[in-house]
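Subject: Structure for you to look at

Hello,

Here is the structure I said I would pass on.

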Amino acid sequence: MTGHDSSATNRTSQPHEPEPQPAVRAETRWPMAAAVVASAVLTLLLPDDLRLGPRWALPLAEGLLLVALISGDPVRISRRSAALRGVSIALVSVMACGAIWSTVRLIDDLIHGGSETNSATTLLLVGGSVWASTVITFSLLYFELDSGGPAARAHHMPATPALAFPQHLNPELNASHWRPRYIDYLYLGFTNSTAFSPTDVMPLTPWAKSVMTLQSIVSLVILGLVIARAVNVLA
């Protein structure tokens with residue numbers, strides 16, 4: 001009995017092995033930063049009446065917020081912080097305000113006749129810039145909202161994400177450790193703006209369905225009115 005008790009005590013006194021921590025699969029910051037810079041450049045190229053505020057205002061605000069993000073979490077996006085999360089949401093909000101303003105002003109000029117609508121070449125360049133800005137803005141919106149944002153995705157992917165990519169839907173791809181990157185959300189934004197509907201990425205939550213619907217409507221209005229006006233000018 002004594003030997004049995006001793007062996008049982010030894011077994012129970014052995015320290016438990018620490019559970020392995022899941023690997024952090026962070027993505028590089030630079031694709032997202034390049035998208036913000038591209039959006040700022042497109043804003044600078046727009047006519048004055050299609051920009052929200054002075055020429056320098058939106059690019060400066062976007063640049064300062066981007067610098068704050070890079071300073072707080074450089075190179076790879078892995079730091080989970082409420083402050084950084086707030087800066088990311090603020091950056092996307094500023095870009096969204098600029099894109100919405102440019103879209104509304106462009107539609108108003110197309111309906112009532114603006115200076116850029118008298119030339120088909122100018123109209124296509126301006127309309128293309130506004131359309132591209134909306135694609136970038138929506139891609140960053142998906143990037144920041146899906147599964148808690150890029151930093152949260154780097155540490156843990158939920159069982160049911162808001163946006164289901166092919167790697168989530170097809171078990172044969174064996175993508176248990178796969179994480180969507182910014183390029184995946186940029187592709188989503190582009191295809192949703194050209195097909196006006198989901199292609200290979202399925203929205204699973206109400207907010208994802210609402211945002212994708214809104215993007216399709218915005219893109220349809222921009223492309224439809226710009227092309228119709230350009231054809232009318234050429235005719």
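**What was found**

The chain has nine helices and four strands as its secondary structure. This is a predicted model. From one end of the sequence to the other, the elements run α-β-α-α-β-α-α-α-β-α-α-β-α.

Some totals for the chain come next. Of its 235 residues, 39% are buried. When contacts between residues at least 6 apart in sequence are considered, 72% join residues at least 24 apart.

**Helices α2 and α3**

How do these two helices pack? In general, two packed helices are described by the angle between their axes and the distance between the axes. Helix α2 covers residues 30-45 and helix α3 covers residues 57-72; their axes lie 9 Å apart, at an angle of about 170°. Angles over 145 degrees count as roughly antiparallel, so α2 and α3 are roughly antiparallel to each other. On the α2 side, the contact is made by W30, M32, A33, V36, V37, S39, A40, T43 and L44. Helix α3 brings L58, P59, E62, L66, L69 and I70. Sorted by class, this contact holds 12 nonpolar, two polar and one charged residues.

Nonpolar side chains tend to be buried together in soluble globular proteins. In this chain the largest nonpolar core has 28 residues, and M32, L140, Y142 and L163 have the most contacts inside it. Two or more residues come from each of α2, α3, α4 (82-112), α5 (120-145), α8 (182-195) and α9 (206-234).

Which residues does Y142 touch, once those up to four places away in sequence are not counted? They are L163, Y185, L188, G189, N192, W207, V211, M212 and Q215.

Another core, of 14 residues, lies apart from the largest one; L110, V130, W131 and I222 are among its members.

**T134**

T134 sits in helix α5. Is T134 buried or exposed? Its relative accessible area is 5%, and under 20% counts as buried, so T134 is buried. Neighbours within four places in sequence aside, T134 is in contact with A99, T103, V218 and I222. I222 is 88 residues from T134 along the chain, yet their C-alpha atoms are separated by 10.0 Å. I222 is also one of the residues in the core of 14.

Regards

How values were computed: Residues are numbered from 1 along each chain as its sequence is written. This is a predicted model: local features need pLDDT of at least 70, side-chain atom pairs count only at pLDDT 80 or more; totals for chains, interfaces and linings use all residues. Side-chain values use heavy atoms; hydrogens and water are left out. Buried means under 20% relative accessible area, exposed over 50%, partly exposed in between (1.4 Å probe, protein chains only). Contact means heavy atoms within 4.5 Å. Axes are lines fitted to C-alpha atoms, for helices over the stretch in contact, and angles run from 0 to 180 degrees between N-to-C directions. Angles under 35 degrees count as roughly parallel, over 145 as roughly antiparallel, 65 to 115 as roughly perpendicular and the rest as oblique. Ala, Val, Leu, Ile, Met, Phe, Trp, Tyr, Cys and Pro count as nonpolar, Asp, Glu, Lys and Arg as charged, and the others, Gly among them, as polar. A nonpolar core is a set of buried Ala, Val, Leu, Ile, Met, Phe, Trp, Tyr and Cys residues joined through side-chain atoms within 4.5 Å.
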